[in-house]
Amino acid sequence: MAQLGWVAGSITLFLFAAVTYYTSALLADCYRSDDAVTGKRNYTYMEAVQSYLGSRQVWFCGLCQYVNLVGTAIGYTITASISAAALYKADCFHKNGHSADCGVYTTMYMAVFGISQIVFSQLPNLHEIAWLSILAAVMSFSYSAIGVGLALAQTISGPTGKTTMGGTEIGVDVTNSAQKIWLTLQALGNIAFAYSYSMVLIEIQDTVKAPPAENKTMRRANLLGVSTTTAFYMLCGCLGYAAFGNAAPGNMLTGFGFYEPFWLIDFANICIVVHLIGAYQLYCQPIYAAVESWAAARWPGSDFVVRQYRPFAGGNFSVSMFKLVWRTAFVAVSTVLAILMPFFNAILGLLGALAFWPLTVYFPVEMYKRQSKVERFSKKWVVLQSLSFTCFAVTVAVTVASVQGITQSLNNYVPFKTKL
């Protein structure tokens, strides 16, 4: 909001919400091949693409989906470590005053988050971790509500920052027009990332029971999810911008626009960490499942791959040695990459750009056209192609801007020495 301003910021949020809901509804209809109600099930996003678009596009889909899922794991590790480090900083500022040097390195917090994910990564598949998803959702509501409440209190009591219709001003908040353009495009990437869930939509839909038809249930879930998150995004964005103006921090719960009540800020950051522990597993389950299915098909007679062990007598929990080693290695590598690339907003912008067009727009539109047999150059075909092309142009621009932001951050970067 600070980069885009009141007008463009609000409009952009609603546009991304509308596009995401529409294309997610199209994607939900493609869970079953040929017919949305009675057709053959597609258990993963890649299976749906294979069914509708053929083998040639599956490779592109797999590259986009799994690169983005890995990137999301890295982004969540960075975000969780920042919130964990903010716990120390909030207590430090409370004890020593707001001008105290309370800087803290985030590497240790990333390592601890990674260790926790090694444990949670041994959980079963998406069908068995509904409780973790519910817990993550409760945490998300909690810290969002706290952020909104604190921003509202700051707006009412003051002091507040300067706001404008067009966001940050050249020569005041940013040095030149080029920087304004880069930051504006990165802001679009951050908004795109905030709506990026299409990459796991088919996998989630596969856990839905029928009747009613899965696509009908998923349409209602999409509407509820997108409308609820958009309401919170508008509240956080608008009230945060009203409170801090063009100097708004990238994360108002860790950027210390607020110092008191420190215990409430601590609780909000604990909620963020717990939420991201659950979200990390939700987004990584498709990666785990893909590799483990491939390994089982490649080495069906290997005890290392297929034999299941029950570490707890009488329990239902089981694990294979391959699952233990592979998932531990994945979490370890993603944690190391997070430590090497701790650029919060730029990384989120890049992830949002990479996922938005191919996974949120292109594949749902193309599969829907095949399923519904949309005639070439018909009115609906032109509208869908125009939507896809526009989103592609936005993705390219945001990707370039995010890479520029990461490159700029690297100029002053010392590995393993990132300080919050």
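The legends below describe close-up views of a predicted model.

**View 1. The disulfide of Cys92 and Cys102.** The structure holds one disulfide, and this bond is formed by Cys92 and Cys102, whose sulfur atoms lie 2.0 Å apart. The link of Cys92 and Cys102 is left-handed, with an angle of -75° about the S-S bond. Because Cys92 belongs to helix α3 (residues 55-96) while Cys102 sits in the loop between α3 and α4 (107-120), the pair ties together parts that are ten residues apart in sequence.

View 2. The relative accessible area of Cys61 is 0%, so Cys61 is described as buried.

**View 3. Cys238 and its closest cysteine sulfur.** For Cys238, the closest cysteine sulfur is in Cys236, and the 9.8 Å between the two sulfur atoms is too far for a bond. Cys238 is buried, having a relative accessible area of 18%, a value that falls under the 20% used as the limit for a buried residue.

**View 4. Helix α9 and the kink at Cys284.** Helix α9 (residues 262-298) is made of 37 residues, and the distance from its first C-alpha to its last is 53 Å, which is close to the 54 Å expected at 1.5 Å a residue. Within α9 there is a kink of about 40° at Cys284, and this kink lies shortly before the proline Pro286.

**View 5. A nonpolar surface patch with Phe304 among its members.** Five side chains can be picked out here, those of Phe304, Tyr309, Met321, Leu324 and Val325, and together these residues make a nonpolar surface patch of about 410 Å². Helix α11 (residues 321-340) contributes the largest share of the nonpolar patch, namely three residues. Phe304, by contrast, has its place in helix α10 (residues 303-306). With a relative accessible area of 41%, Phe304 is partly exposed, as this value lies between the 20% limit for buried residues and the 50% limit for exposed ones.

Definitions and conventions:
Residues are numbered from 1 along each chain as its sequence is written. This is a predicted model: local features need pLDDT of at least 70, side-chain atom pairs count only at pLDDT 80 or more; totals for chains, interfaces and linings use all residues. Side-chain values use heavy atoms; hydrogens and water are left out. A disulfide is a pair of cysteine sulfur atoms within 2.5 Å. Helices (H or I, at least four residues) and strands (E, at least two) are DSSP runs, numbered from the N terminus. Buried means under 20% relative accessible area, exposed over 50%, partly exposed in between (1.4 Å probe, protein chains only). The expected span of a helix is 1.5 Å times one less than its number of residues. The bend at a residue is the angle between axes fitted to the seven residues ending there and the seven starting there. Patches are made of residues with over 30% relative accessible area and no salt bridge: like charges are joined within 9 Å, nonpolar side chains (Val, Leu, Ile, Met, Phe, Trp, Tyr) within 5 Å. Accessible areas come from the Shrake-Rupley method with a 1.4 Å probe; for residues, only the protein chains shown count as cover. A salt bridge is a side-chain nitrogen of Lys or Arg within 4 Å of a carboxyl oxygen of Asp or Glu.
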